[in-house]
Amino acid sequence: MTFRVSLVCMGNICRSPMAEVVLRRTLDEHGLSEKVALDSAGTGGWHAGDPMDERAAAVLAAHGYDGSLHRARQFGFDKYDLVVAMDAENLGALRRVVPAGTDVRLFRSFDPEAPEGAEVPDPYYGGRDGFEIVLAQVKAASEGLAKYLADRLD
């Protein structure tokens, strides 16, 4: 049985797709790709069908990641084992709509170095440096999430 994970931010063009690209590689490096079905989505649908923000894609590419295939989508009511929000606002929105019993957490809660309640900040209204910060944070949290999944799926 495949463990289903969705990464969620506001519009699914910056944070959650960056996290999806990074986590997908991290899962592969940990031998978990066949055990985990991974996607990303936004709590809002205004960017549905759009590619990743060009600044997010550029930062990913500069670090050896490819986000070119991403197309934004709105979070749906598929069955997930774990739904991971980038910030508290999206966490609250998700907790109101996911089925009872779904594990919903903040993404940075998987980073052992992050303080409790730490969020991935929205870089959309800033410059490239915000996207670099997001990349560093999602890399750290992706390692922790991969370890969490490895322990849970073994």
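Q: How many positive and negative side chains does the protein have, and how far apart do the centres of the two sets lie?
A: Lys and Arg count as positive, Asp and Glu as negative; His and the chain ends are left out. A charge is placed at NZ of Lys, CZ of Arg, CG of Asp or CD of Glu. Here there are 17 positive and 24 negative side chains, and the two centres lie 3 Å apart.

Q: What kind of model is this?
A: This is a predicted model: local features need pLDDT of at least 70, side-chain atom pairs count only at pLDDT 80 or more, and totals for chains, interfaces and linings use all residues. Residues are numbered from 1 along each chain as its sequence is written, and side-chain values use heavy atoms, without hydrogens and water.

Q: Which pattern does the protein follow along the sequence?
A: Helices (H or I, at least four residues) and strands (E, at least two) are DSSP runs, numbered from the N terminus. The protein has 4 helices and 4 strands. Their order is β-α-β-α-β-α-β-α.

Q: How do strands S1 and S2 run?
A: Two strands pair if DSSP finds at least two bridges between them. S1 (residues 3-9) and S2 are parallel, joined by 7 bridges. Phe3 has Val36 in S2 as its bridge partner.

Q: Is S2 mostly covered or uncovered?
A: Buried means under 20% relative accessible area, exposed over 50%, partly exposed in between (1.4 Å probe, protein chains only). In S2 (residues 36-42), 6 of the 7 residues are buried, so defined. Across the 154 residues of the protein, 49% count as buried.
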